[in-house]
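We'll start with the whole chain and then stop at a few residues worth a look.

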Amino acid sequence: NTFASGSSLDISSGASLSLGSFSQSVAALNSAGSLSLLGASLALNSGASFLGGTLTGSGSIIVNAGSSLTLNADFNNANINIVLNGGTLNLNGHTDVLGNLSITGTSVIDFGTGSGSVLSINALSFGNTSLRLNVANWTDAQDYFLSQTQYTQGSAPLNQVLFQGGTPAWTTADSKWTPYDANHGQLNPVPEPSTYGAIFMGLCAVGVGYRRLRRKKSAA
């Protein structure tokens, strides 16, 4: 069966829906139940969508321009890929382990302003070099954007990732990949100039304290 592309898809808590091998396109999704893709794709076309409950199988969720997807649960399924085709992915304070993240239209990932959010992916890719991924509300040491694939600062795809914020404002050239654990690296911006200043002042304070300690020992 095929859903009407202009209709919304609601999955209540305790209910379940399996797409089988049939890819679907709907206006929006509101799921608190069980959603199984089973190799299919689900496209979200307009308005706000919310995904909670459980997410099983393999396939892709496509967030088109004019739509947003808010994750309302901690998902751990590396077989589910996210395609941001001009839409917004809201992490909403959850820890989510997913598959590949593909950017096919300039899009947004919003880490939220409450508790920390974690997004762990296999790999990041862009449809072409003119596209951007804007990362909103990312906070150092609170939010984590992790990738198993290593990338080089200043080269694709990192040079298409823009962390919003910073003083002065970060650019795509500031986005980097740094080792996080045995399997992942973290996508984050280089430290702000103010951070470098704080590090420098801290080192200066340590140096001054060390010299004072040596003078006291010499005087004794």
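First, some ground rules. This is a predicted model, so local features are taken only at pLDDT of at least 70 and side-chain atom pairs only at pLDDT 80 or more, while totals for chains, interfaces and linings use all residues. Residues are numbered from 1 along each chain as its sequence is written, and side-chain values use heavy atoms, with hydrogens and water left out.

Now the chain as a whole. Its secondary structure comes to 1 helix and 22 strands (DSSP runs numbered from the N terminus, with at least four residues of H or I for a helix and at least two of E for a strand). Of the 220 residues, 41% count as buried; here buried means under 20% relative accessible area, exposed means over 50%, and partly exposed is in between, with a 1.4 Å probe and protein chains only. The chain exposes about 10,600 Å², and carbon and sulfur atoms supply 53% of that (Shrake-Rupley areas with a 1.4 Å probe; for residues, only the protein chains shown count as cover). Among contacts with a separation of 6 or more, 30% come from residues 24 or more positions apart, a contact being heavy atoms within 4.5 Å.

Next, find Asp-110, in strand β15 (residues 107–110). Asp-110 is buried yet has no salt bridge, and the nearest side chain of opposite charge, Arg-132, is 18 Å away. For a salt bridge, a side-chain nitrogen of Lys or Arg has to be within 4 Å of a carboxyl oxygen of Asp or Glu; as for charge, Lys and Arg count as positive and Asp and Glu as negative, with His and the chain ends not counted. What lies 2.8 Å from a polar atom of the Asp-110 side chain? That would be the backbone nitrogen of Gly-112. Leaving out residues up to four places away in sequence, Asp-110 touches Leu-89, Asn-90, Leu-91, Asn-92, Ala-136 and Asn-137.

You'll find Leu-38 in the loop between β5 (34–36) and β6 (41–44), partly exposed at 48%. Most residues other than glycine have a negative phi, and most peptide bonds are trans.

On the peptide-bond side, a cis bond joins Ala-156 and Pro-157, with omega about 0 degrees, and Pro-157 lies in the loop between β19 and β20. Another cis bond joins Thr-167 and Pro-168, with Pro-168 in the loop between β20 and β21.

Finally, the aromatics. The whole structure holds 4 aromatic pairs (Phe, Tyr or Trp rings, using the six-membered ring of Trp, with centres within 6.5 Å; planes under 30 degrees apart are stacked, over 60 edge-to-face, and the rest tilted). Trp-138 and Trp-170 have ring centres 6.3 Å apart and planes at 75 degrees, so they are edge-to-face. This pair links distant parts of the chain, 32 residues apart. Trp-138 is buried at 10%, and Trp-170 is buried at 13%. Tyr-144 and Tyr-180 have centres 5.5 Å apart and planes at 55 degrees, so that pair is tilted.

Technical notes
A polar contact is a pair of N or O atoms within 3.5 Å; within protein, one must be able to donate a hydrogen and the other to accept it, and residues adjacent in sequence count only if both atoms are side-chain atoms.
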